[in-house]
Number of protein chains: 2
Amino acid sequence: MIIYTASDFEQFEKHYRIHFFNSLTGYKSVHLVGTQNAEGTTNLAIFSSIFHMGSKPPYFGMLVRPTGETPRHTLANLLETGYYTLNHIHPHTYKQAHQTSAKYPKDVSEFDAVGLTPWYSEKVKAPYVFESNIKIGLKLVETHPMSFNGTILVVGNVVEVIFKQPYALPDGMINLEQAQTITSTGLDVYAQAKTIERLERAKPN
Amino acid sequence: MIIYTASDFEQFEKHYRIHFFNSLTGYKSVHLVGTQNAEGTTNLAIFSSIFHMGSKPPYFGMLVRPTGETPRHTLANLLETGYYTLNHIHPHTYKQAHQTSAKYPKDVSEFDAVGLTPWYSEKVKAPYVFESNIKIGLKLVETHPMSFNGTILVVGNVVEVIFKQPYALPDGMINLEQAQTITSTGLDVYAQAKTIERLERAKPN
């Protein structure tokens with residue numbers, strides 16, 4: 001048994017600490033977030049902090065960290081237009097997805113830089129990733145700044161969902177294996193998940 | 001291509017809608033959350049809304065939904081004691097973990113009901129799951145109620161991490177495959193992830 005406590009954490013080297021705590025929560029949802037500014041300049045950034053906050057109406061949360069160039073472009077854009085997209089990542093796109101985390105100058109679109117294709121629906125003022133099998137369009141609802149470290153919780157209302165194929169099972173569950181959605185952990189590990197089992201709703205005894 | 005919009009969402013049958021939006025974000029971190037009340041009655045509940053909010057100091061977030069019996073016991077307990085634990089789930093414990101979502105009476109501990117073992121460290125006033133390979137002890141920092149649907153964001157400071165084996169790689173990254181940590185999607189799908197690739201830090205060009 002190995003026990004780490006706060007005094008150990010303080011002695012962790014910076015990158016050790018970042019890898020350790022970013023992988024400690026386990027496997028994460030990972031998405032490409034598409035935005036554009038008022039002039040239509042597009043931005044694409046990888047985020048592993050997207051989570052369900054409600055189904056009626058459908059609300060998803062996303063954390064934007066105070067540091068890092070790309071997330072700040074994402075935040076500025078979505079505050080400007082009120083829209084953003086989430087795009088699932090697959091075995092054929094994870095390398096390009098990871099490459100969006102490089103610090104490109106503000107006038108360079110990550111779509112061009114990494115070789116992914118912006119695609120637009122009629123409803124959402126933000127670019128989707130054409131190559132993604134599952135695309136989600138969101139309208140900004142509100143932001144909650146966290147006083148303790150400047151992290152911002154962005155809450156969005158899902159206004160559109162676009163599937164390349166009919167991935168929803170008869171009861172609404174989305175078949176992520178069929179959609180080839182990948183998961184991530186830490187800052188740089190990409191993984192493919194395989195269902196062990198789908199269980200029935202739990203009842204006492 | 002299949003496009004769903006808000007008018008479709010409104011027509012989704014209740015359970016269809018819940019399955020659909022709970023799986024739409026992709027694979028999720030899934031943990032057993034251990035708490036106890038001031039009298040020492042323990043509670044154990046499965047949560048798939050745990051996320052990293054910072055590494056220095058280490059802060060994790062957790063969403064507690066306004067509905068559901070078990071999450072409310074978790075919230076009441078952690079507000080009472082100021083502590084809670086997160087415990088990774090594995091192929092040998094996911095069935096018991098899922099069973100904690102059954103609506104047991106308040107005086108029944110899910111540890112007893114599902115057959116998992118409470119275990120205590122010296123620092124944290126909440127029960128760990130002995131069977132978990134990775135255990136995380138947190139001290140409550142703050143709660144943020146969401147006005148739009150009553151969801152509560154609970155923020156905790158990681159004060160202790162306990163590994164059964166040395167799972168941390170030399171650079172701090174935790175080897176989740178070695179720890180046999182599983183992931184989930186929707187409300188009832190449990191999956192095992194296999195690393196595709198670990199990528200280098202991205203730089204322009």
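A:Lys14, A:Lys103, B:Arg201 and B:Lys203 form a positive surface patch; for such a patch, residues with over 30% relative accessible area and no salt bridge are joined when like charges lie within 9 Å. A:Lys14 belongs to helix α2 (residues 14-24) of chain A and, at 49% relative accessibility, counts as partly exposed, a class between buried (under 20%) and exposed (over 50%), with a 1.4 Å probe and protein chains only. The model is predicted, and local features need pLDDT of at least 70, side-chain atom pairs 80 or more. Residues are numbered from 1 along each chain, and side-chain values use heavy atoms.

Side chains of opposite charge can pair when their charged atoms come close. Six salt bridges are counted over all chains, each a side-chain nitrogen of Lys or Arg within 4 Å of a carboxyl oxygen of Asp or Glu. One of them links A:Lys95 and B:Glu197 at 3.8 Å, N to O. Because A:Lys95 lies in helix α4 of chain A and B:Glu197 in strand β13 of chain B, this pair joins two chains. Another salt bridge, at 2.7 Å, connects A:Arg198 with A:Asp171; A:Arg198 is in strand β12 and A:Asp171 in the loop between β10 and β11, so parts 27 residues apart in sequence are tied together.

An open antiparallel sheet has the strand order β11(A)-β12(A)-β13(B)-β12(B)-β2(B), where strands are DSSP runs of E of at least two residues and helices runs of H or I of at least four; pairing requires at least two bridges. β11 of chain A and β2 of chain B each have a single partner strand, so one side of each is left without a neighbour in the sheet.

Terms used: Chains are lettered from A and ligands numbered from 1 in the order in which they are written. Patches are made of residues with over 30% relative accessible area and no salt bridge: like charges are joined within 9 Å, nonpolar side chains (Val, Leu, Ile, Met, Phe, Trp, Tyr) within 5 Å. Accessible areas come from the Shrake-Rupley method with a 1.4 Å probe; for residues, only the protein chains shown count as cover. Lys and Arg count as positive and Asp and Glu as negative; His and the chain ends are not counted. The place of a charge is taken as NZ of Lys, CZ of Arg, CG of Asp or CD of Glu.
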